[in-house]
Amino acid sequence: MSLYQFAVFGNPVAHSVSPLLHQFFAQSCGISLQYQKITVPEDQFSNYVQDFFAKGGRGLNITVPFKLQAYDLAQQLSARAQSAHAVNTLWMSDSQLQGCNTDGVGLVNDLKRLQRDLSQSRVLLIGAGGAARGAVLPLLQSSCSALHIANRTAHKALNLMHTMHKHASSEQQLSASGLDELAQLETRFDIIINASASSLHGQALCLPKHLYSADCLAYDMLYSANGQTAFLEQAAVDGASQCADGLGMLVYQGAESFYIWLQQRPDAAGALQYLRHTLQA
């Protein structure tokens with residue numbers, strides 16, 4: 001019997017730990033699979049996807065820069081994918097290519113692991129790109145009381161807010177601004193999430209200190225071997241009482257993809273511990 005075939009498509013993708021993650025998931029569920037990381041030429045994404053599934057592939061994870069192309073290619077989209085306008089998980093069902101976005105649910109599940117009750121929390125989301133888009137619907141569905149989207153380019157944050165406004169309940173406050181307008185806000189946030197690329201470039205975000213509540217969690221979607229990023233280091237100085245990088249988000253979004261493909265819930269907590277140890281080794 002042939003192994004289940006999975007892969008992550010990206011460019012670049014050599015740094016990806018997804019093969020380690022999904023092999024751990026498979027072992028925790030007693031499943032045999034093969035999971036590869038494949039560098040896809042930027043003008044060949046559609047051909048690579050079609051070829052993968054034509055040869056019996058079971059599922060794909062999609063990373064930079066192909067999430068928008070995956071959204072356009074999928075014939076059926078989940079509600080999460082439709083709201084994010086981006087796809088990171090592909091599979092075939094009823095001879096049609098299915099697409100979902102598991103990034104946001106991965107974030108929410110990691111926040112729960114960190115014992116953060118999102119219900120009635122005030123959340124500040126920094127960024128308005130693909131990572132932020134995937135997070136907004138799950139955050140709203142978690143019943144946060146307020147969600148403010150801030151971006152260097154204000155109109156991108158405002159556009160995202162207007163797009164997502166239909167998903168907010170009448171009790172939820174959904175707002176947006178440029179980063180330079182944050183000093184005018186009077187809200188103290190319980191959770192501040194960096195979905196921008198600032199830490200990728202080693203750049204700290206100097207946010208107004210009054211935005212941090214007394215028990216504020218600073219969360220960076222980027223992850224590092226030691227759990228520290230430029231954003232988190234600055235946030236700790238500015239008033240965050242708890243800091244966390246995005247390795248847990250990576251694990252939980254992967255766990256959701258694994259469940260979509262195989263209908264089994266893997267050991268996400270064990271996988272997170274394993275990956276952190278592996279990265280630090």
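A: Asp 51 is partly exposed, with a relative accessible area of 39%; buried means under 20%, exposed over 50%, and partly exposed in between, with a 1.4 Å probe and protein chains only. This is a predicted model, in which local features need pLDDT of at least 70 and side-chain atom pairs count only at pLDDT 80 or more, while totals for chains, interfaces and linings use all residues. Residues are numbered from 1 along each chain as its sequence is written, and side-chain values use heavy atoms, leaving out hydrogens and water.

The partner of Asp 51 in a salt bridge is Lys 55, with the closest N and O atoms 3.3 Å apart. A salt bridge here is a side-chain nitrogen of Lys or Arg within 4 Å of a carboxyl oxygen of Asp or Glu. Lys 55 is exposed, at 67% relative accessible area. Eight salt bridges are found in a search of the whole structure.

Another of these pairs joins Arg 80 and Glu 256, again with a distance of 3.3 Å from N to O. Arg 80 belongs to helix α4 (residues 79–84) and Glu 256 to helix α9, so the pair ties together parts 176 residues apart in sequence. Helices (H or I, at least four residues) and strands (E, at least two) are DSSP runs numbered from the N terminus. Arg 80 counts as partly exposed at 21% relative accessibility, whereas Glu 256 is buried at 9%. Arg 80 and Glu 256 are also linked with Arg 265 in a network of salt bridges.

A further pair consists of Asp 190 and Arg 122, whose closest N and O atoms are 2.8 Å apart. It links distant parts of the chain, as Asp 190 lies in strand β10 and Arg 122 in strand β7 (residues 122–126), 68 residues apart. Asp 190 is buried, with a relative accessible area of 16%, and Arg 122 is partly exposed, at 30%.

Both β7 and β10 belong to an open sheet of six strands in the order β9-β8-β7-β10-β11-β12, paired in parallel. β9 (173–178) and β12 (242–244) are the edge strands, each with a single partner, so one side of each has no neighbour in the sheet. On average, neighbouring strands are turned by 15° against each other, direction ignored. Two strands pair if DSSP finds at least two bridges between them; β8 (residues 146–151) and β9 share six bridges in the parallel sense. In β9, Gln 173 is the bridge partner of Ala 146.

α5 lies across β10 (189–194) and β11 (212–220), at about 135° to β11, while α8 (residues 230–238) lies across β10, β11 and β12, at about 175° to β11. Axes are lines fitted to C-alpha atoms, for helices over the stretch in contact, and angles run from 0 to 180 degrees between N-to-C directions; contact means heavy atoms within 4.5 Å.

α9, the helix of Glu 256, also takes part in covering another helix: what covers the buried residues of α10 includes α1 (18–29), α5 (103–113) and α9 (247–262). The buried residues of α10 are Ala 268, Gly 270, Ala 271, Leu 272 and Leu 275.
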